[in-house]
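Let's take a friendly walk through a structure, from its overall outline down to single residues. Have the viewer open and turn the model as you read.

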Amino acid sequence: MNETPGIAVTGASGRMGQMLIREITESDKMHLAAAVERPGHEWIGQDVGTAMGGTELGVTVTDDAAQAFGQVQAVIDFTAPQATLAFAAEAAKAGIVHVIGTTGMSDDEIAQLAPAAKDGAVIVRAGNMSLGVNLLTQLTKQVAAALDVDYDIEIIESHHNQKVDAPSGTALMLGEAAAEGRGVALADVSDRGRDGITGVRKPGDIGFTAIRGGDIVGEHDVMFAAAGERIILRHVASDRALFARGALKAALWGQGKAPGEYDMLDVLGLKG
Ligand SMILES: NC(=O)C1=CN([C@@H]2O[C@H](COP(=O)(O)OP(=O)(O)OC[C@H]3O[C@@H](n4cnc5c(N)ncnc54)[C@H](O)[C@@H]3O)[C@@H](O)[C@H]2O)C=CC1
Ligand SMILES: O=C(O)C1=N[C@H](C(=O)O)C[C@H](O)C1
C-alpha cells in the first residue's frame, strides 16, 4: 500500500495535465491515483500512461470526478472555468485539497469558489504556480509603490497560439500587484484591448497587451515607462514543468490545512 498522498489530475490529456502526470509519477512524495477527462473524451476508459504514449500507469481515465475525488487526498486542476467550478463542489464534498491553475475565470466565477472553500475544500488557486512569477508580483508591488503616476505601467504577455484567454492569469496577477502598490483598484485603472482612435493614455492607467504565437510557454514584462527611462521587470518560462512542480508543492502544502482559499504566496511563504 502506498502511504504518500494520492493525487487526481483533471484535464489529464491537456498540455498541463500530461506534464502534471509526468511530474507526479517521478515524485516519491505523492502518487497518481486518478485521471479525469471530460465526458466523451477519447481517453476515457484507457490507461492514462498508454494514452500518453508511454508505459501503463495502472490508472484508468474516467469522467466520474465524484468517484475519483473520493479516492484521493488532492486534485490538481488545469482545465477550464466551468469545469473548475464543478470540480470545486466535488472537492468540497470529498474534503480534499483542490489546486486550481485554471485561468480565464471571471470575477463572478471566482466568487463562486467561496462556498466550496467554506464547505470543506482546501483551495489553492494561482494564475501562475512558479516561484519566479510569484516573487515578481512582490517586486512589482514594491516598484509600483515607490514610483508615482509619471511612470506608466504596461503589462505585456506572450503565449502559444492555443491559449484561449487574455490577458493571461499571470498578467492579471501582476496588474493586481501593481494596483495594490499604487493603492488603487485594478478594475478602476485597467486599460485592455486598445484599438482605433483611443485618445491619449490616461495617467495612472495600467495597460495590458497580449501576444499569441507559436509555442511560447509564457513570458511577462511589467514596464514602468517615464520620460527618459523605462524599468522592465521580466519573467520568462521556458518549460511547463515549472508550473507543474509548483502545483505539486501546493498539493502537499495543503494537506492538513483548514478549508479555505489560499494562493501560491501562502505556499511559498512570500506573503507580506
Ligand atoms: N496557473 C498556472 O501556473 C498555469 C495555468 N495554466 C492554465 O491551465 C489551463 C489549461 O491549460 P492547458 O493545459 O494549456 O490547456 P489544454 O487545452 O491543453 O488542456 C485543458 C484540458 O482540460 C480538459 N477539460 C475541459 N473541460 C473538462 C471537464 N469538464 N472535465 C475534465 N477535463 C476537462 C480538456 O479536455 C483538456 O484536456 C488554462 O486555463 C491555462 O491558462 C496553464 C499553465 C500554467
Ligand atoms: O495557458 C498557458 O499556457 C499559461 N497560462 C497561465 C496564465 O494564463 O498566465 C500561466 C502561464 O503563463 C502559461
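A word on conventions comes before the tour. This is a predicted model, in which local features need pLDDT of at least 70 and side-chain atom pairs count only at pLDDT 80 or more, while totals for chains, interfaces and linings use all residues. Residues are numbered from 1 along each chain as its sequence is written, and chains are lettered from A and ligands numbered from 1 in the order in which they are written.

How confident is the predictor? The score called pLDDT is the predictor's confidence in each residue, from 0 to 100. For the chain, the mean pLDDT is 97, and 100% of the residues reach 70 or more. The complex receives an ipTM of 0.99 and a pTM of 0.98 from the predictor.

Now step back and look at the whole chain. You can find 11 helices and 12 strands in the chain; these are DSSP runs numbered from the N terminus, with helices being H or I of at least four residues and strands being E of at least two. The C-alpha trace spans about 65 × 40 × 30 Å along its principal axes. Of the 272 residues, 42% are buried. Here a residue is buried if 20 or more other C-beta atoms lie within 10 Å of its own, exposed if 12 or fewer, and partly exposed in between, with C-beta atoms placed from the backbone.

Next come the domains. Domain 1 takes in 6–125 + 240–268, and domain 2 covers 131–237; such bounds come from an automatic or database domain assignment. Between the C-alpha centres of domain 1 and domain 2 there are 28 Å. Where the domains touch, 8 residues of domain 1 are in contact with 8 residues of domain 2; contact requires that the C-beta atoms of two residues, placed from the backbone, lie within 7 Å. On the domain 1 side, helix 10 (241–253) and helix 11 (264–268) each supply at least two residues. Helix 11 gives the largest share of that side, 3 residues.

With the domains in view, turn to the ligands. Around ligand 1 there are 26 residues, and the closest are Gly11, Gly14, Met16, Ala83 and Gly101. A residue is near a molecule if its C-beta atom, placed from the backbone, lies within 6 Å of it. Helix 1 (residues 15–26) gives the most to this shell, with 3 residues. By type, the shell around ligand 1 holds 8 nonpolar, 14 polar and 4 charged residues. In this scheme Ala, Val, Leu, Ile, Met, Phe, Trp, Tyr, Cys and Pro count as nonpolar, Asp, Glu, Lys and Arg as charged, and the others, Gly among them, as polar.

Which residues surround ligand 2? They are Thr103, Gly127, Asn128, His159, Lys163, Ser168, Gly169, Thr170 and Gly218. This shell has no nonpolar residues, 8 polar ones and 1 charged one.

Pro167 is worth a stop. Its place is in the loop between strand 7 (152–159) and helix 8 (169–182). A cis peptide bond, with omega about -10°, joins Ala166 and Pro167. Most peptide bonds are trans.

Finally, visit some single residues. Ser13 sits in the loop between strand 1 (6–10) and helix 1. Ser13 counts as buried because it has 20 C-beta neighbours inside 10 Å. Leaving aside neighbours within four places in sequence, Ser13 is in contact with Gln18, Glu37, His41, Trp43 and Ala51.

Val143 belongs to helix 7 (residues 131–146), and its 18 C-beta neighbours inside 10 Å make it partly exposed. Beyond four places in sequence, Val143 touches Phe224, Ile231 and Leu233. Lys202, in the loop between strand 8 (190–192) and strand 9 (206–212), is exposed, with 12 other C-beta atoms within 10 Å.
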